[in-house]
Structures are given as C-alpha cells and as structure tokens.
Amino acid sequence: MVRATPLGRELILRTQLQIIKKIYSKIPEIYKWDAYREHLPPIKVHMDAIAEALQRYKARRVERGLFHFRPKPDSVGFGFWILSPLHVPPSAQARREALRKWRRRCEKRAAIAAAAALRNRPTMDQVSTLVETKMRFMRASTMLYLAYLVLVFVLSCIIKSTLAHEHSR
C-alpha cells in the first residue's frame with residue numbers, strides 16, 4: 001500500500017470534485033428534479049466540507065510554496081498538472097540551483113510578510129488614543145453599571161418593605 005501524501009489527497013479531492021461538477025453539468029434539467037431538490041441540503045453540506053478541506057490543503061501548500069496546480073483543458077481530460085520549481089532536469093547542479101531559488105523565494109515571502117506585519121502594527125500615538133478611549137468608555141460603562149446596581153438594590157428594598165408591610169396587616 002502506498003502512503004498518500006497531503007499533496008496526493010488534495011489532488012484526488014480536486015479531481016473527484018472536478019469530475020462530479022462536469023457530470024452534473026451535463027445532465028439536462030437536473031435542477032428541476034424533485035429528487036435533486038430533496039437531497040440538495042445534504043449535497044451542499046458535503047460540497048462545503050470538501051471545499052473546506054481543499055482550502056486547508058491549499059493554504060498549507062501555498063505556505064510551503066513547492067507545488068501549484070493547473071487544471072487540464074477539457075480536450076485533455078480530467079485532472080491537473082502539478083507544477084513545481086523543483087521539476088528540473090535530473091542533474092545535481094540543476095537540483096541545487098532549483099532548491100536555492102526556492103529558498104530565496106521563501107525568504108522573500110517571509111520578509112514581505114514581516115514588513116506587512118510591521119506596517120499594520122499601530123504606533124504609540126494610536127495605542128495611547130485607543131487606551132484613552134477605552135478607559136473613557138470603561139469609566140462611563142462602569143458608572144452606568146454601578147448606577148444600575150444601586151437602582152436594583154433600592155427597588156428590591158422598596159418591594160421587600162412593601163411586601164413585609166402587606167403581610168403585617
């Protein structure tokens with residue numbers, strides 16, 4: 001038995017989903033069938049689960065940056081071509097060069113992500129304004145909450161004294 005890799009599982013799921021979509025699109029007026037309408041909610045749930053799994057596979061694959069898929073044209077058939085920067089002639093020098101390019105691309109991607117994170121980080125002025133606004137809001141909300149608690153306490157005392165007065169008569 002061959003161990004399936006995440007790339008292989010994603011490829012199988014994508015191919016099967018492509019086949020299902022092409023088969024259903026060729027059935028005339030399937031959307032008008034009562035049986036189709038009856039089973040539409042479970043079909044949508046299963047399709048959403050497959051789409052979510054594919055999204056997770058793709059996120060991991062894109063993060064690594066090793067492989068990407070290109071769908072085959074309809075004339076060729078179902079499936080995908082797997083493209084990779086590591087698909088090079090089988091010489092050791094070409095392989096080393098491809099790995100070096102891949103590492104450089106990953107480093108550039110990490111540098112761009114770090115720069116974006118720094119660019120989106122708030123400055124000290126923004127942080128102090130944010131904290132000040134939150135403190136103002138918290139002071140106002142705290143005061144309202146305390147006023148609410150006092151009001152509830154006073155009303156409960158009034159109700160209790162009224163009930164005690166009623167029972168004493």
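**Close-up views of a predicted model**

**View 1. The structure holds one aromatic pair.** Phe 69 and Phe 80 form this pair, which is tilted, with 5.9 Å centre to centre and 45° between the planes. Rings of Phe, Tyr and Trp (its six-membered ring) pair if their centres lie within 6.5 Å; planes under 30 degrees apart count as stacked, over 60 as edge-to-face and the rest as tilted. Phe 69 lies in strand β1 (residues 68–71) and Phe 80 in strand β2 (residues 80–83), so the pair ties together parts that are 11 residues apart in sequence. Both Phe 69 and Phe 80 are buried (under 20% relative accessible area, 1.4 Å probe, protein chains only).

This is a predicted model, in which local features need pLDDT of at least 70 and side-chain atom pairs count only at pLDDT 80 or more, while totals for chains, interfaces and linings use all residues. Residues are numbered from 1 along each chain as its sequence is written, and side-chain values use heavy atoms, with hydrogens and water left out.

**View 2. Leu 54 is found in helix α3 (residues 40–64).** Helices (H or I, at least four residues) and strands (E, at least two) are DSSP runs, numbered from the N terminus. Leu 54 is buried, its relative accessible area being 5%.

**View 3. Leu 54 touches Glu 10, Leu 13, Arg 14 and Leu 17, not counting residues up to four places away in sequence.** Contact means heavy atoms within 4.5 Å. Glu 10 and Leu 54 are 44 residues apart in sequence, yet 6.3 Å apart in space, C-alpha to C-alpha.

Notes:
Buried means under 20% relative accessible area, exposed over 50%, partly exposed in between (1.4 Å probe, protein chains only).
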